[in-house]
Each structure stands twice: as structure tokens, then as C-alpha cells.
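The following note sets out several points for a colleague examining this structure. Please read the numbered paragraphs alongside the sequence and the model.

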Amino acid sequence: MPDIAPTAGPAGPTLNDFASFYLYGLTNNPYQQSTDFENFGELYKLVIGPHGGFSIASSFHPYQLINPAGVSVWYTAFAQFYSQPNRIEMFGEMTLEKTPFAVVPPASFAEYNVWSDSRLTASENPVFSRYIPFVLPFLVRKDPEALRWDAEIAAAAGDRERLSWYLDAVKDALRFVQPAPALLLGFGEFDEQHPEQLIEKFMSYRELLK
């Protein structure tokens with residue numbers, strides 16, 4: 001009788017299995033939390049699409065995303081996940097069933113920690129005291145398929161009108177954690193080696209806000 005290789009289960013998890021993404025915009029109150037995990041799940045599906053991972057159940061000012069020890073909220077979310085005794089089962093659901101979960105960040109991330117790049121401080125750029133930056137993070141299981149946001153952008157082929165319905169849907173889905181007058185500006189991937197790239201996204205709007 002020939003040998004039959006057992007079906008391999010999902011390996012891992014490791015931090016390298018995930019990528020750090022975020023929505024970003026402007027608000028009057030960047031640090032907002034919610035325990036409405038159902039709405040976080042709907043927002044995740046709308047922005048990320050059929051990819052397993054985590055909504056991080058808070059919005060933040062950029063200077064709250066990395067604590068004084070240099071640990072990011074995305075890394076902390078992974079550590080929280082990894083501490084779960086059923087992490088292999090959860091990882092399997094993320095991999096095979098594309099399940100999104102939600103994780104509540106520690107209260108320590110309420111503290112501001114101004115990076116060496118201080119351009120978003122009110123003292124350096126007063127406009128950011130009126131239009132305050134916010135970031136809503138996602139920790140996403142890596143997958144070769146395009147994220148929903150990227151797929152919608154590509155399908156619109158630069159036509160703002162064709163994209164407007166989608167941006168309006170994301171903005172409306174965001175309201176439970178970032179209510180009006182918050183403005184949605186865009187979506188990006190966070191590079192922990194180059195966090196200043198996030199600062200640049202907000203700086204690109206500075207002149208328009210004056």
C-alpha cells in the first residue's frame with residue numbers, strides 16, 4: 001500500500017506572516033475606542049476584504065502608535081494573539097477561512113510618544129491642532145490576493161467618480177469609532193523601519209489645510 005502524506009495544517013504563526021496596514025484621516029479626537037466588534041469586522045471586510053487578520057479596536061494619533069520602548073501597536077496586537085492558547089486554531093481560521101478577529105490594545109497606548117520626527121506636533125505645525133491626524137490600524141495575514149482597498153482603487157483606474165461610492169462606504173463604516181467631523185484621507189502600509197513615511201502622508205495635506 002503506498003504511503004499517503006498527511007495533510008499539512010497551517011504552520012506558524014510568526015510575525016512575518018502578517019503585515020501592518022491602516023486607514024488615516026483628520027479628526028478632532030484621534031484616540032477613540034469601541035467594543036463594537038461586529039462593526040470592526042464589517043469595516044475590516046470593507047477595507048481589507050477576504051483576508052484573515054485583526055482589527056485593532058481603537059483609533060490613535062500617530063504619536064500613540066509606538067510606545068517609549070519602541071514597540072508598535074501592531075507588534076503588540078501580534079503578541080496578544082500569540083499569547084492565546086488557541087492561536088494555532090485561530091491562525092488556521094485566518095488562513096483557510098479568511099476569518100477577521102478584533103484585539104483590544106493595552107491602555108498604555110493612550111500615552112503620546114513624540115518620535116524624533118515631530119512634524120505633526122502643534123508647536124511645529126499649528127494646523128495639526130485644528131485638523132488632528134488619526135490612524136486606524138489593521139494587522140493582516142499576508143496573502144497573494146489584493147486587498148479590497150487596492151482592488152477598488154485599481155478598478156476605478158483613477159476615476160474619482162467611479163471610486164466615490166466606495167470611499168463613502170468606508171467613511172460611513174468608520175463612523176462608529178471616528179464620528180463626524182472626521183475626514184478619511186486614505187490607506188497605507190506601516191513600515192516600522194521607516195515610520196516617517198506615515199508622517200509624510202499627513203504632511204502632504206498641510207498646505208491644503210491652511
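1. Arginine 206 forms a salt bridge with glutamate 207, and their closest N and O atoms are 3.5 Å apart. Arginine 206 counts as partly exposed, because its relative accessibility is 25% and the buried class ends at under 20%. The model under discussion is a predicted one.

2. The structure holds seven salt bridges. In one of them aspartate 117 pairs with arginine 119, the closest N and O atoms lying 2.8 Å apart. Both aspartate 117 and arginine 119 are buried. Salt bridges with shared partners join Asp117, Arg119 and Glu200 into one network.

3. Aspartate 143 forms a salt bridge with lysine 98, with a closest N to O distance of 2.8 Å. This pair links distant parts of the chain: aspartate 143 lies in the loop between β6 and α5, lysine 98 lies in the loop between α3 and β5, and the two are 45 residues apart. Aspartate 143 is partly exposed at 24% relative accessibility, and lysine 98 is partly exposed at 29%.

4. Strand β6 (residues 132-141) is largely enclosed by the rest of the structure, because 10 of its 10 residues are buried. Ile132, Phe134, Leu136, Phe138 and Val140 point one way from β6, while Pro133, Val135, Pro137, Leu139 and Arg141 point the other way. In a regular strand the side chains alternate between the two faces of the sheet.

5. Which strands pair with β6 in the antiparallel sense? Strand β1 (residues 18-27) runs antiparallel to β6 and is joined to it by 10 bridges; leucine 26 stands opposite proline 133 in β6. Strand β3 (residues 53-56) also pairs with β6 in the antiparallel sense, over three bridges, and phenylalanine 54 stands opposite leucine 139.

6. Helix α2 (residues 73-82) has Val73, Trp74, Thr76, Ala77, Phe78 and Phe81 as its buried residues. These buried residues pack against β1, β3, α3 (87-96), β5 (100-103) and β6.

7. The largest pocket holds about 210 Å³ of space. The elements giving two or more residues to its lining are α5 (148-156), α6 (160-174) and β7 (183-189). Helix α6 gives the most, with six residues. By class, the lining has seven nonpolar, two polar and three charged residues. Among the lining residues are Trp149, Arg160, Asp168, Lys171 and Phe187.

Methods
Residues are numbered from 1 along each chain as its sequence is written. This is a predicted model: local features need pLDDT of at least 70, side-chain atom pairs count only at pLDDT 80 or more; totals for chains, interfaces and linings use all residues. Side-chain values use heavy atoms; hydrogens and water are left out. Buried means under 20% relative accessible area, exposed over 50%, partly exposed in between (1.4 Å probe, protein chains only). Helices (H or I, at least four residues) and strands (E, at least two) are DSSP runs, numbered from the N terminus. Two strands pair if DSSP finds at least two bridges between them. Contact means heavy atoms within 4.5 Å. On a 1 Å grid over the protein atoms alone, a cavity is a set of points where a 1.4 Å probe fits but cannot get out, and a pocket is an open set with protein on both sides within 12 Å along at least five of seven lines; lining residues have an atom within 4 Å of a point. Grid points are joined across faces, edges and corners, and a volume is the space filled by probe spheres set on the points. Ala, Val, Leu, Ile, Met, Phe, Trp, Tyr, Cys and Pro count as nonpolar, Asp, Glu, Lys and Arg as charged, and the others, Gly among them, as polar. A salt bridge is a side-chain nitrogen of Lys or Arg within 4 Å of a carboxyl oxygen of Asp or Glu.
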